[in-house]
Structure formats: structure tokens, C-alpha cells
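Student: I have a structure to read and would like to know what lies behind the terms used for it. Could we go through them one at a time?

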Amino acid sequence: MAKVSMTVNGKAASGDVEGRTLLSSFLREQLGLTGTHVGCDTSQCGACVVHVDGKAVKACSMLAQEAEGAEVATIEGQANADGSLNTIQQAFQDHHGLQCGFCTPGMVMSAAALLKDNPKPTEAEIRDYLEGNLCRCTGYHNIVKAIMAASGQDVSSIAAE
Amino acid sequence: MPKDNGIGASPKRREDVRFLTGAGNYTDDINVHGQAHVHFLRADVAHATINSIDTSAAEAMPGVVKIFTGADFAEVGGIPCGWGVTDRHGNPQQEPRHPIIADGTIRHVGEIVAAVVADTLEQARDAAEAIELDLGDKPAVVDMAAALGDGSTKVHEDLTSNLCYDWVFGNPDDDAVQAAFDSAAHVTTLELVNNRLVANPMEPRVAIGDYSRGTDEYTLHTTSQNPHVIRLLMCAFVLGLPEHKVRVIAPDVGGGFGSKIFHYAEEAFCTFAAHACGRAVKWTSTRSEAFISDAHGRDHVTKIELALDADNNFTALRTNTMANMGAYLSTFSTSVPSYLHGTLMAGNYKTPIVQVNVKTVFTNTVPVDAYRGAGRPEATFQLERVIDKAARELGADPIALRRQNFITQFPYETPVALTYDTGDYVATMDKLEEVADVAGFAARRAESEKNGKLRGFGINCYIEACGIAPSNIVGMLGARAGLYDAATVRVNATGTVSVFVGAHSHGQGHETSFPQVVAEMIGIDESMVDIVHGDTGRVPFGMGTYGSRSIAVCGSAMVRATEKIIAKAKKIAAHLMEASDADIELKDGQFTVAGTDKSVAWGDVTLTAYVPHNYPLEELEPGLEETAFYDPANFTYPSGAYACEVEVDPDTGKVSIERFSAADDFGNIINPMIVDGQVHGGLGQGIGQALLENAAYDEDGQLLSASFMDYAMPRADDVPFYQVDHSCQTPCTHNPLGVKGCGEAGAIGSPPAVVNAVIDALQSGGKNVTHIDMPLSPARVWAAMNG
């Protein structure tokens, strides 16, 4: 066991972990931040995407000890200070970009990382960026639409509704 | 002006806020004080005799609580099959024992051989590696035709063969059917595979068993679409526990698509082990485990023949299908290739003679059961592919050929036992032609060709049968369950409403859509109504969510219970206003006496029900809570027409979906936004089946595509924006809301359109390709083009 310390959603967090403990396990089991989901064991599904030092990372593919001293952001820290949904979260609700909700935290965290680097992505750029995030419910239609809307683009001409 | 409240409105989903902020409560998010963890040692060979299991070294490992093998479960029941199909000779299906842990023989990769319960998951995993197995390898049977051949190794030694049942449906008279084919002007024949799939909801399965010694009560937290069904099956058939001592909770569930209907060994294990270990036992599936332990879907091999007369009227249809059951019969496995498939073979067409022949087969593979659509996609795929092939052979327009053969009079009794109450297949096809811009296709094809791509247009129709019922009929057909649902409406003294529903929401948005109905009926704001679901300890009874049944069956029960509430509330209001209850009207939450200006508010009446000072106690009980069970008179029959446009790269065989259009008739619609989303999701899965997904086994019974690295799930860049329309609405005639169900349509209706489009593209490039089996991977398409 080794002690690991990091900042999670702006607060200091620490715990004792085995060398094999994944960041996703540390967040879920030790910090109780169960919004970070684990949907696979091959780093494919993206349900566990968090931000580590500002970059989108699959928390299942990083050891907790590798995050020593890092700034980690999870879905639990994304809402506005008054508790209301942030722009991306609100767009997901407005455009029905989620159904069962399991992939959603990873989708929101990936979308945030995308929009940080590319504030007005095209449909193709969004679809390409989401290669690493699987959703089984939505057929991606409303996820892509929600991210376009969150970036301030007019989505009223996109089919269906 | 669209409504913003009640039936037909699209309020934002109330469940979204918790899912978007990480506040959902999925089963793996639950930890019970003092829980231990189980790791299952699963078979890595498909067929073997277990000569011995030595757990002594493992038991000595740190943290190990107890290790279980098949011997520990010798005294409990096997997992039951929920549907007994009678074969063509009147004999029952062959039904092997389905043990919780392998009972001396391993029959598929992934079967549980031993279970290690330890303080931590890591300790359980480490200890499992120290278990020594002595196995006697047996040849694996994977291919269905080989499994039915003389001298095949048997999956179950105690059965007479690998045949589960040999079933005939529709017209059983072989000579009469053959005569129809002999007299046909044209016969089109197609042999095809409906590829084996894995449902892969994004949340893997989880089970936590808990036992209270003080009260002798069990609690099972599980990722289920139907917690009451799990409780019944587990208590009555497997563990022999009193049902009233067992509570099953399915909280937020991360998608199901059928795969979380069934009672699984892990649920029974955790419940049993919690008692045996004296502490809660938790299991969380890895994705790798999910691939080899969740029931798979589809896996049919079919020959279909369509007879037409000289005027291109369909005169007869005959199918011969082999359907894979895997190694054991999962909960609804036997109903899928029989009654959920054969009954759909008439499709949207007035073919007078239909004969469906199905052989179900045991193989050394994971059990196969319902996956989104369950039998109906298999029926639709065959039918809509053979019609397209016939059109091509006859030089007929595929849309015109379908239109010519449409059923146009309703109700319509098919030759395969169903009576369609309503539909308008001409209207949905008209709408599809508009939405899909059929007229503009030639120009789009020319543009694609300029870019060196082949462009194809494919179309299909579908009919779905949702809300399987009524119970007495399905009982005669072999169902071992009723197929009603239940709802309890509890009105609180202050006028807020809790509706306890038997349906389960795991993505469908019931928490938003169900209150829309109750709020509209009473005339109160939706925020005053909540539903409660997914907990046998809170919800009186329910049959769960599958087969697109929730609003049609459980929603109807909710309407009936609300009607009882309103009837009682009117009596209270009549008493308060000193009027006859026949004169009371309820509108916008106000009770009025017809023809007067007297009124009392909803809240006054609900308060009076619980504070019955001025109340007709001699005639009416206090309180305001009502339950209704609803057993539908018939299935509901959503239908529609879908169109797909693809580009095929002639150099690589890669297919890209350029457009996908859907025109559906779901009857009346509660929440259009949610309905659109359901169709989108179904389309994504159907396109996945058509182009990407395949659960492929090698000849030794190893699943080759057993992770997301190998099993090609559809990703965001595999699909386009979809054009979805559901403005054609022929309401269901036999349920109170006139609703039909929309959950599976997209997955049922899309694979044939994709394949038809690819064939059209290849033909346009001068390639004489008439069929390619799904998934239409670049390798398969390229091989077909260059074969």
C-alpha cells in the first residue's frame, strides 16, 4: 500500500492504494465519486473519462499513483457553482442526449475536453472525437446534436423533433 | 402550438439531472456494510467433464471467506425456462437442467465452475488462480447443422439429441404449401444468416445479495429490467425461498435491450451465498465476463422462399430456420424463434399462405435469448430481404411491389395467428418517400459516382408486435407467466401523487413520460406526480419492461388505477358540494358541479380523503389509493417503412451510411422527444448489426469477439443524423391510451434497409451480387464484389 494525494474537483483528496489500483477504482471506491463509470476492461467505452491536469483521460487506464499531485476533475464537479447544470450538461438535457445515463459522465467530460480545444467543432469533428466513447442507447444522434448546441451552433435544422 | 405539459408534450427528462451530475444510483454504486466480493472462475473451454476441483490451496489464501462449486448447489433448482414450446408432433421441448454452477460438465466458455468469496475483489481473484481443475476435454459442438447431424456429440448427455424442438407454425400442411409453390409464376429463394449479437448495455451486470439473520429476509440488488420476475423465478424455482422474505431492487439500470430480462446464475448465487457466508456478497461483471455470460441474441440460419403469381402478388411464403439456443435455455429463449418470430412472418403483406419451420439447437455456446426486437428483427430481415430479391429478379420496383401486396383492411387476421387491429402501411410508405427524398436519389447517386463511390438505396417495411398478451392466449401457447402489468396510484393528503409501476425504466424515460399521463388525466402539474419503480419492496407487483410493453401495458394499468382514483375523488367532491357524483366534472384540477358555479379544488378533495371529518364514511372508505392490473386484449402493432442510402467504396468495400430515414406509426404518442430517441437508438443498433457486430465463435467454442477490442460496436462516426417521422398515427383500438410502443422498432426495421441498399449499390456498379450476410464488413463486401 502506498499513500496517494491529489486534488479532485478542487478539493484535496488522499488515500492508501495498492500499486495495481486504477484511478477509476480510487475515485469510485475510496472517494465515493461513483459518477465515473466503468463499462469495459479494454479502455474502449469511455464511460470513465475524467480530466487530469486539464486533459481527458480514461480513468481505467491510469493507475491511481500516476495521478499523484494531479488536478483531477470528474462529473461531480461539472455543475455551476449554484448547482445548476453547466452549458454542456444543459445541452444534453435540452436535446435528449442521454437515455440510461451510464455513458453520460464520460460523454460530458469528453465533450468538455473537445470544446476546450475546438470551440466550434463540425459534426464530423465531433463524431471523430467521440471515437473513444461508446453509447448503446442514443444512436449518437442527440449526443452530437447536444455538443453542437453547447458550442453555440444552431441545431434547429437537424432532423427529428 | 406544441403542448408544454401532459400527453403529447416533450418536457425535459427529470431523470437527466442526476445522470448528468454523477448522482445516479446504479447497482455497482451500492455498497452494503460488511460486504464480501465474489469472483467467478469461469470455464475457458467449451465442453469438458470436470473430473475434480481442488480448492484447498485457494481456501488458504488471504481474505478468502468461502469457495463454492457445483456440489454446493446440488440441492437447489436450476434456472427455469419461462416458455414451453410444443413441437410439430405435440411433444414438449427438450429442457435440460441449467445449474447455477457447472454440475460436473462444462458446456460453454464462460460457464461458472467455482466461485470465490473473499474480503476484497482482488483477494477473490488471486485465490481463484490457485484453484486446480482436472478437466476431461470433450469435443465442442458449435455449428448448428453439425449439432443436428447423426453422431454429433451431445451438449447434454441426458437428452436424446441436440434438438430442443422442431416447430411448425402457420399452415402445417406441407402438401398444400408445396402446391402453392408449384403453381407459382415465380419463386424467389434466399438463404441467409441473422448474425449472433451481444446486447452490450453500457452498464455491465451487477448483483449484491444480502441476508438479515434478525428478520430472515433477503435483499438482492440487481441490474434487472423486471425485479418482480427475478424474485418469482429465483424464489419459486431456484432457491426455494418464501417470496415475501425476498426483496429485489433494480435501481438505476444502465441499459438492458433484453439482456437484463433474464434470471441469471449470478443473482441466485449472491443471494444464496449471502446466507451461507453470513454477509452481503457483491459481484460486478467485467465487460470480458459480460461477453461470455450475458445471454446473446439472434443467431438464426434461414432459407426463405416467396411465391408470386404472374401479377406479382405474393401467394405463399415458406421459411426454414435453425435457431441457436446455446448450451442452456435462458429465461425466454424458446419463445424468441417460435412465437415472437413465426407470428411476424406475414409482415405488412396479405400473403395468404405462410409456413414457418424452426429447429432450435443446443450448442456449446453462451445461451441465446431476447435482444431488442427478439424474433421480430429475424422475421423482418428474412421477409424484407426476400421481397427485395424478388423485385430485382422480376425487374419490379421494390416500393411498388411492396405497396401492391400491402394489407389495407383492418382489422386483419394473418395466416400466422395475429389480428392486426390498426395500421396504414400506405401512409407510412408515402411519408417515407417524402422524408427520404426518394425523388432526389438519382442526383445524389450521380454525385457519389463522380467521387468514385457506388451509391445504393434500400427500403423495407416492418411490423412489430408489442405488449405480448393476453395472458390466457399466451398461456395456451406455452408461456409460463402472465403478461399483464400493474400500477398503484397513491394520492397523498396534500394532493401529490406517487405511482408505483411494474414497468422498469432503464433509459426509456418513464420517470418523465408516465407522470405526463396522470397529470393530464387529473389536470395537475406534472411536478406533482412521481413514479416509483424497480423495487419489489415498494411496488406491489409488476412484470417489468421488455417487448416495448411499458406504456401499452403498464401505462394502461396506470390509466385504469387513475380512473378509479378520479371516480372516488368525484364521490368525495360530490359530498363536499352536496351534489350527485354523476354531475361532477374534473378539469384542470377543479371539481365542478355541471350547470352550477360550485367547485372544489383537487387538494381540498385529497385532504378530505385523509382528514375525513366531512365525509360519507358509511359509503366510502377514507384514503385515496387504487391499484389496477391490466391484461391487454391483444398485442399492439406498430409499423413503418425505413430507407437507407449507402456509399460503397469499390476499392475497399467499406460501406458508409449517408442517409437513414424512418417513418413510423406508433399510434398515439405521450412524449415525442423520447420516442425520437428510442428510434434513434434502435437504428444505431440495427446499423451495428448490419455493418459491424458479430459474436463469432471458432470451431472449439471460443468466442473470438469477446471484448470491445474485437466486437465492433457502432461508434459516433459509423452513423449519420437520422430523419425520423412519426406523424402517421393509427391509434391502438384496445388500450385506453391508443398507444403501441416504440422501443424496438428501430432495431427491427433497419438491418434489411442497410443490406438492401448495399446490394443496390453493388448492382449499380455492375456487380451481380444478390446477397451478403451481415455484418457487411469491408472484407465481406470486397470479397462479394471481387468473388
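Student: In which loop of chain B is Ser548(B) found?

Tutor: Ser548(B) is found in the loop between strand 23 (529-532) and helix 15 (550-577) of chain B. Helices (H or I, at least four residues) and strands (E, at least two) are DSSP runs, numbered from the N terminus. This is a predicted model, in which local features need pLDDT of at least 70 and side-chain atom pairs count only at pLDDT 80 or more, while totals for chains, interfaces and linings use all residues. Residues are numbered from 1 along each chain as its sequence is written, and chains are lettered from A and ligands numbered from 1 in the order in which they are written.

Student: Why does Ser548(B) count as buried?

Tutor: A residue is buried if 20 or more other C-beta atoms, placed from the backbone, lie within 10 Å of its own, exposed if 12 or fewer, and partly exposed in between. Ser548(B) has 30 C-beta neighbours inside 10 Å, so Ser548(B) counts as buried.

Student: What is the phi of Ser548(B)?

Tutor: Ser548(B) has a positive phi of about 50°, although it is not a glycine. Most residues other than glycine have a negative phi. His96(A) is also not a glycine and has a positive phi of about 55°. His96(A) lies in the loop between helix 2 and helix 3 of chain A, and counts as buried because it has 26 C-beta neighbours inside 10 Å.

Student: Why are helix 2 of chain A and helix 3 of chain A called oblique to each other?

Tutor: Two packed helices are described by the angle between their axes and the distance between the axes. Here the angle is about 125° and the axes are 10 Å apart. Axes are lines fitted to C-alpha atoms, for helices over the stretch in contact, and angles run from 0 to 180 degrees between N-to-C directions. Angles under 35 degrees count as roughly parallel, over 145 as roughly antiparallel, 65 to 115 as roughly perpendicular and the rest as oblique. The two helices are therefore oblique to each other.

Student: Which residues of helix 2 of chain A meet helix 3 of chain A?

Tutor: Ile88(A), Gln89(A) and Phe92(A) in helix 2 meet Thr104(A), Val108(A), Ala111(A) and Ala112(A) in helix 3 of chain A. Two residues are in contact if their C-beta atoms, placed from the backbone, lie within 7 Å.

Student: What makes Cys40(A) buried?

Tutor: Cys40(A) has 25 C-beta neighbours inside 10 Å and therefore counts as buried. Its place is in the loop between helix 1 (23-30) and strand 3 (49-52) of chain A. Not counting residues up to four places away in sequence, Cys40(A) touches Cys45(A), Arg287(B) and Phe708(B).

Student: How many residues of the two chains are in contact?

Tutor: In this interface, 47 residues of chain A are in contact with 46 residues of chain B. The largest share of the side of chain A that touches chain B, 4 residues, comes from helix 2 of chain A.

Student: How do you know that the buried residues of helix 20 of chain B are on the same side?

Tutor: In helix 20 (residues 778-786) of chain B, Val781(B), Ala784(B) and Met785(B) are buried. They cover an arc of only 100° around the axis, which puts them on the same side of helix 20 of chain B. The arc is that of the directions from the helix axis to the C-beta atoms. The face turned away from the buried side carries the exposed residues Ala779(B) and Asn786(B).
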